[in-house]
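Please read the following report alongside the sequence and the model.

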Amino acid sequence: VQTQCRWNPTLLSLRPTASCPLPVDDGTPAPLMASRGVPWTHPPHCVIANFAGPTANGIAVIASPETAADVVAAVKDPLPAWSSRRHLARHGRLRTETSDLPYAVTPIPRKGLGVIATKRINQFETIITSFPAMVADNKFFPSKQDHGPVEGAQLFQKALDQLPDKERFLNLARSKGEHVHVVEDVVRINAFGITVDGREIKGLYPEIARLNHACGATAYNRFTKKDLDMSAIDTRDIEPGEEITISYIPLGMPTAYRTRALSKWGFTCTRDLCSAASETRGASDQRRERLLEVYYTIQDESTSYNTLVELTHELIELVQVERLLGKLGGYYQALMQIYYGIGDPDTARKYGHASLKFANIFSDTDGGFCTGLKRDLERIDREVQKRTR
Ligand SMILES: C[S@@+](CC[C@H](N)C(=O)[O-])C[C@H]1O[C@@H](n2cnc3c(N)ncnc32)[C@H](O)[C@@H]1O
């Protein structure tokens, strides 16, 4: 659509500090600009997209002009990931041939559809990379009434109508009860919360949306802001025939919390941990409650050094026994900061590098967490080197 659009996407990259492009038409009186769709340089302009290209699935954005500008910054031309899916494939993050896929979408008893491995998948492999079909700002949901005179339902319907393949969207899972607007229902059941430039929005990733939940999930989902993609990363080796699952809720929580949090989707988890004998589940709950307690205690400034060392080891052991690999990067980073704070840069460095190893697998490598971690680690590395000279 580049030739048909009147806005200039290169303006976005010329302003790295602005979260959205500023109007170029400085002569336009402010009130008029506001009514014409600031921060865009021109009023909305309908174009006929060329759906034959590699981004044929399209993306519908339901957002304020500012959020839309942030999202467009991620999908603007020329963006290698969107304009050439081979780019991602080369980086091992996207398979282009259907025959390459190591999984199949298939009916799973009592769960609707789900994703089954058709080949062996190694630990830490990227299984699926998906781009959003729809991105929606929370405040425009039809069931929320705080979006002013514009009807959220109309916006959601319009967004759906503009997608080239509505069925791909409408075939996704729905809630069982009576529910609001159909588009809102599909988004609520299938979308992930994502953060783009500090804004909390929902992103719907049709391929990832076929993954069912398990409290002891086989995969972890990673959002990459730069390309707006979502990937499922394998946390352990998976054999052909095994179901690939992710966790819909924060990792590491005890049973009672998990049951409450999952009620939003209208099912109770019956997998692995949740179907285990009550003693096994009870022991796991105790470890998870202890994990939360230890995590808060080590961050308490009044904790003594000796207690800290003991608790640190206990924390890592608990995370490993509970197989919460997707959280290891965050825990190791907390330990790095704690040890640095108490004047032990050698230990801080050790945990910092352990954190980076997991962050490179499970986190957005250009995101705030990895960037901050690398910066802290460089400082600690320099300090350790200076001391050893
Ligand atoms: C994001 S969709 C997952 C894919 C869905 N099964 C499908 O057919 O497209 C979420 C819905 O799948 C079902 N689901 C996911 N995990 C489940 C589980 N562990 N047990 C039962 N149902 C599950 C629930 O109906 C849930 O609302």
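## Ligand shell

In the classes used here, Ala, Val, Leu, Ile, Met, Phe, Trp, Tyr, Cys and Pro count as nonpolar, Asp, Glu, Lys and Arg as charged, and the others, Gly among them, as polar. By these classes the shell around the ligand holds nine nonpolar, six polar and four charged residues. The model is a predicted one, in which local features need pLDDT of at least 70 and side-chain atom pairs count only at pLDDT 80 or more, while totals for chains, interfaces and linings use all residues. Residues are numbered from 1 along each chain as its sequence is written.

The ligand is surrounded by 19 residues, of which Gly112, Leu113, Ala173, Asn212 and Phe267 are the closest; a residue counts as near if its C-beta atom, placed from the backbone, lies within 6 Å. Strand 3 provides the largest share of this shell, three residues (strands are DSSP runs of E, at least two residues, and helices runs of H or I, at least four, numbered from the N terminus).

## Domains

An automatic or database assignment divides the protein chain into domain 1 (1–48), domain 2 (54–246) and domain 3 (276–388). The contact takes ten residues from domain 2 and nine residues from domain 3, where contact requires C-beta atoms, placed from the backbone, within 7 Å.

## Helix pair

The axes of helix 11 (residues 278–298) and helix 12 (residues 305–321) come within 10 Å and cross at roughly 145°, with axes fitted to C-alpha atoms over the stretch in contact and angles running from 0 to 180 degrees between N-to-C directions. The residues of this contact divide into ten nonpolar, two polar and three charged.

Technical notes. Contact = placed C-beta atoms within 7 Å.
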